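Hi there,

Here is the structure I promised to pass on. Please have it open while you read the notes below.

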Amino acid sequence: MAISPYLGGVGLGCLIVSFLVSLYYNTILTWVLWYLLNSFQHPLPWSACPLDLNRTGLVEECWDSSAVSYFWYRQTLNITADISDSGSVQWQLLVCLAASWAVLYLCVIRGIETTGKAIYFTALFPYLVLTIFLIRGLTLPGATEGLVYLFTPDMQVLRNPRVWLDAATQIFFSLSLAFGGHIAFASYNPPRNNCERDAVAIALVNSMTSLYASIAVFSVLGFKAANDHGRCLDGNILRLINAFDLPDQSISRDDYAAVLARLNTSRPEWAAGLHLDTCRLEDFLEKSAAGTGLAFIVFAEAVLHMPGAPGWAVLFFGMLFTLGLSSMFGNMESVITPLLDLGVMPRGVPKELLTGLACLVCFVSATCFTLQSGSYWLEIFDHYAASLNLILFAFFEVVGVIYVYGMKRFCDDIAWMTGRRPGLYWQVTWKVVSPLLLLTIFVAYISLLASTPPSYKAWNPQYEQFPSRQEKPYPGWVQAICVLLSFLPALSVPAVALVQLLARRRRKQQDVQQDVGPKLQDGGVC
Amino acid sequence: MLAPPLASAWAHPSLELHHCRALKSGKVTPPRSRFTVTHQILWRSSVPIGARKKTRAHVIAPGKSPCSDSAATMRQNNSITQETQEGPRLRKYAWDTNEEYLFKAMVAFSMRKVPNRETTEISHVLLCNVTQRVSFWFVVTDPSKTHTLPAVEIQSAIRMNRNRINNAFFLNDQTLEFLRIPSTLAPPTDPPVPIWIIIFGVIFCIVIVATMLLILSGIQQHRRKNEGPSEMEDTEDKCENTITVENGIPCDPLDMKGGHINDAFMTEDERLTPL
C-alpha cells in the first residue's frame, strides 16, 4: 500500500496464499509428529507387517508392498483408492493436528516476542541433527555409492528443460520469496539495517544448508540401496542353492556373478526357470523418491537398518518437526502481521487472542486433510495453491518497486539504510533479469500445466500392478478447485486495484461537488 | 552334477509335506488312496546366510523322488564337514545318527500327544533320502508297521509341538523348516495402551501448561499497563493545572484532548503523485 494503493492487492494475495500454505504445511507437520510419537518404541512399528487373522501369514496388502509402505498408507493415512471417496476423519491424525497447532500457537502467541525465543531452538537443532546424521551416514557401508550418485551429473537428464524449470521453482520456494514472511520479519528490524547483507546471507545460507542436507541424506540413501542390493543378491543365492542343492553359504555375494555366468553358459534353461531378480545397484539408487515419499517411506526404511533404530528415528523426525515448525513461523507471521496492520480487530483486543483465533480457524479448516483422501488433497494444494500465485506476486513486487516506486527512490532508500547505493549488479538484475526470468518461468509453468491433463497417483490394493500406484485423472469438480486455488489469490491484485480506482473516482467527484458549493466558507482555520 | 531344479517352489519357501512310501520288507507297495506320492513329509534344515547360529542351509529339491527302496533300514547320513565361510562366528552342526535319533524321538513325542496315537514308538518313525544338506523325508507308520499315517495328522501334530522340536535342536522356524507346515507366527507384543498415546499425552500437557502460563502472564501485564496509565493521567492533569496556574500560558502544543492535523499523516491523494 505504501508504494501504490493499486498494488495493495499483492499484500492481500500474499495473505491468502500464506493462509492456504499454512493449512497444508501444518498437516505435513502432523504426519511428522505422528511418526515421531511412534518412534519411541522398539521394534519400530513400521519394521514388521501385522499378522492376518489366521496368524499364519502377513496381511496381504502388506505382503505385496512392504511394511513401511503399509504403515504409511494404511496405518497412518488409511488412504482410499480414489479422491472422490472421502472416507472418515482419522482420529489419530486429528489429535496430532490439534497438538501441532497447539505447539505452533505456543510459539507464536505473542508474535515475534515468543517466536524469536523459539527459533533459537528450532533453527539450531536441525543443524545439530544433520551433523550427527552426516557423521553416522558417512560411516555406513554404501555411503560412498550414494555420494558418487549425488555428484555425478547425468547429461541426459540435464538436457531436459523440465528439470531446469523444476530447479528454478524449487530455489524460488526454498527461499520463501513472495510469501510476505521476509517482509513481516524485516519489519521488526531497526530502520537503518544492512538489508543487502541480510539478503546475501539468506541466499548463501539456504544453498549451503541444502547442500549439507543432501550430502547427509544421500549417504543414508546409498546405505539403503546397498542394503537392498545385498538382500536381492541373498534372495537369488538362496534360490540357486535351493534349486541345485548346493551346500549352504557356498556362494558368497562376490562369487554370485561368476556362478550365475557359469550357470547361464552351461544350463541356460534351468537358470531362466529360476526367475532370478536382476540386482543392479543403480536401480536401487534411482528408486529414491521426493517429498513425503522420501521422508516417510525411504528414510523410515533406511533408519530401520541402522543399529539403534528408535534413537535415529526420534532424531530424524524431531529434526523434521523443528524444521517444519520454523517454516510455519514465517507463514503465520505473514498471516498475522497483515491482519494486525489492517486493524481487523479493535484496539483493545490483546495479540494473544488474535493469534489464537487465527490458529483456531486454520485448525478447523485443516481437518479436511485428516480425511482418508486427505493426502490427495494435500498434493493438490501443494501443486496448485502456491506455485503460480507466488511467481505472479514476486513479479508484481519487483515491477512495483522498480518501475512504479522508481529505481532512483528505491536506491536512495537503500543508501539511507545501508550507507551506500546498490551496485550495478543489483540494478541490472532488478530492472531486467528478474522480471524476465519470472515471466519465463510463469509462462513455462502455465504451458506445462495446460499441456498435461492433471492426474494423481492413487494407492489402490485392487490394482493389477499393485504396489505400483495407479495413475488416475482428476474428476471435473476437483479440476475446478485446482483452477480456483491457482487463480483466486492472484485475482486479488486486479480486484483491489479496481476497488481503489472506484474509490478514488468517487472521492474526486465528491471533491468537485464540494468545490462547486459555497467557496467562501473556508476563511479561517485550514 | 546338479539335479534339475523345479521352477517356482522356492520363490516363497513353501512347506510341503510328503509321506515316505511305506517300507515293506522287500516289496514296494503302491501308494494308497490316503496318501499319494505328492504327500511326503520333507524335513529340511536351512539357515539364512550369515546367521549367527550354525547349521547349514540345505534344501532338498522338490520333486525328488520319494524313498522308493523297500529296505527297512535308513540310509545313513554322512557327517557334514563343510567349511564355514563366515569365520569363527559360525559353528558346524554335525548331523549324525544321534541327532537322527533325537529327531525321531521328537516326532514320536508329537504323535503320542495325538489322542489316538499314544502308542507311537521311535521305531515307527522312518527317515529316508537323507542328503548332505540335512534334508530328508520321513514317515510315521502305525504300530503294526503296515502302512503309514496320513500326512494331515502328522502335520497337525508337528504344528502343535513345533516350538519344542525347534528348541530340541536349538533352531527356529527359519532354520528348521518343515515343508507344507505353515508356522504359527508369534503375535506382535501389543502394550495395553499404545505408546504413542502416552508420549502424546505428555507433550500435550506440557504445551497446554506453557500456553496457560503465557496467557496468564500476558493478562497480568495488560492489567499492570491499565493501572499504570490511569496513574499517569492523574499526574498529567495535575501538571496541566499547575502549568496553567503557574505560567498562565496554555499548553496548546501538548493539548492531548483536542485533535490536530499531523502533516505526516496526510491523505494519500495529496501525498503521492497521481498516476
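What follows is a short tour of the cysteines, the helices and some individual residues.

First, some housekeeping. This is a predicted model, in which local features need pLDDT of at least 70 and side-chain atom pairs count only at pLDDT 80 or more, while totals for chains, interfaces and linings use all residues. Residues are numbered from 1 along each chain as its sequence is written, chains are lettered from A and ligands numbered from 1 in the order in which they are written, and side-chain values use heavy atoms, with hydrogens and water left out.

**Cysteines**

A search of the whole structure turns up two disulfides over all chains, a disulfide being a pair of cysteine sulfur atoms within 2.5 Å. One joins A:Cys49 and A:Cys62, with 1.8 Å between the sulfur atoms. This pair links distant parts of the chain, 13 residues apart: A:Cys49 sits in the loop between helix H1 (8–38) and helix H2 (60–64) of chain A, and A:Cys62 in helix H2 of chain A. Helices here are DSSP runs (H or I, at least four residues), numbered from the N terminus. The link of A:Cys49 and A:Cys62 is left-handed, with -80 degrees about the S-S bond. Both A:Cys49 and A:Cys62 are buried; buried means under 20% relative accessible area, exposed means over 50%, and partly exposed is in between (1.4 Å probe, protein chains only).

The other disulfide is formed by A:Cys232 and A:Cys279, whose sulfur atoms are 1.8 Å apart. A:Cys232 belongs to helix H10 (residues 195–244) of chain A and A:Cys279 to the loop between helix H12 (268–273) and helix H13 (281–286) of chain A, so the bond ties together parts that are 47 residues apart in sequence. The torsion about the S-S bond of A:Cys232 and A:Cys279 is about -80 degrees, so this disulfide is left-handed. A:Cys232 and A:Cys279 are both buried. Counting bonded cysteines along chain A, the pattern is 1-2, 3-4.

A:Cys107 counts as buried at 11% relative accessibility, and A:Cys359 counts as buried at 5%.

**Helices**

Two packed helices are described by the angle between their axes and the distance between the axes. In chain A, helix H5 (residues 112–138) packs with helix H15 (residues 309–342) at an angle of about 145 degrees, the axes being 9 Å apart. The axes are lines fitted to C-alpha atoms over the stretch in contact, and angles run from 0 to 180 degrees between N-to-C directions.

In chain B, helix H1 (residues 97–112) has 16 residues and reaches 22 Å from its first C-alpha to its last, close to the 22 Å expected at 1.5 Å a residue (that is, 1.5 Å times one less than the number of residues). Among the buried residues of H1(B) are B:Glu100, B:Phe103, B:Lys104 and B:Met111.

**Individual residues**

A:Thr30 lies in helix H1 of chain A and is buried, with a relative accessible area of 1%. Leaving out residues up to four places away in sequence, A:Thr30 touches A:Leu93, A:Cys96, A:Leu97 and A:Ser100, where contact means heavy atoms within 4.5 Å.

A:Ile414 is in helix H18 (residues 387–418) of chain A and counts as buried at 7% relative accessibility. With the sequence neighbours up to four places away again left out, A:Ile414 touches A:Gly419, A:Arg420, A:Pro422 and A:Trp430.

Most residues other than glycine have a negative phi, and most peptide bonds are trans. The peptide bond from A:His42 to A:Pro43, however, is cis, with omega near 0 degrees; A:Pro43 is in the loop between H1 and H2 of chain A. A:Asn78 is not a glycine, yet has a positive phi of about 50 degrees. A:Asn78 is found in the loop between helix H3 (67–76) and helix H4 (91–108) of chain A and is partly exposed, at 23% relative accessible area.

Best wishes

Key
Helices (H or I, at least four residues) and strands (E, at least two) are DSSP runs, numbered from the N terminus.
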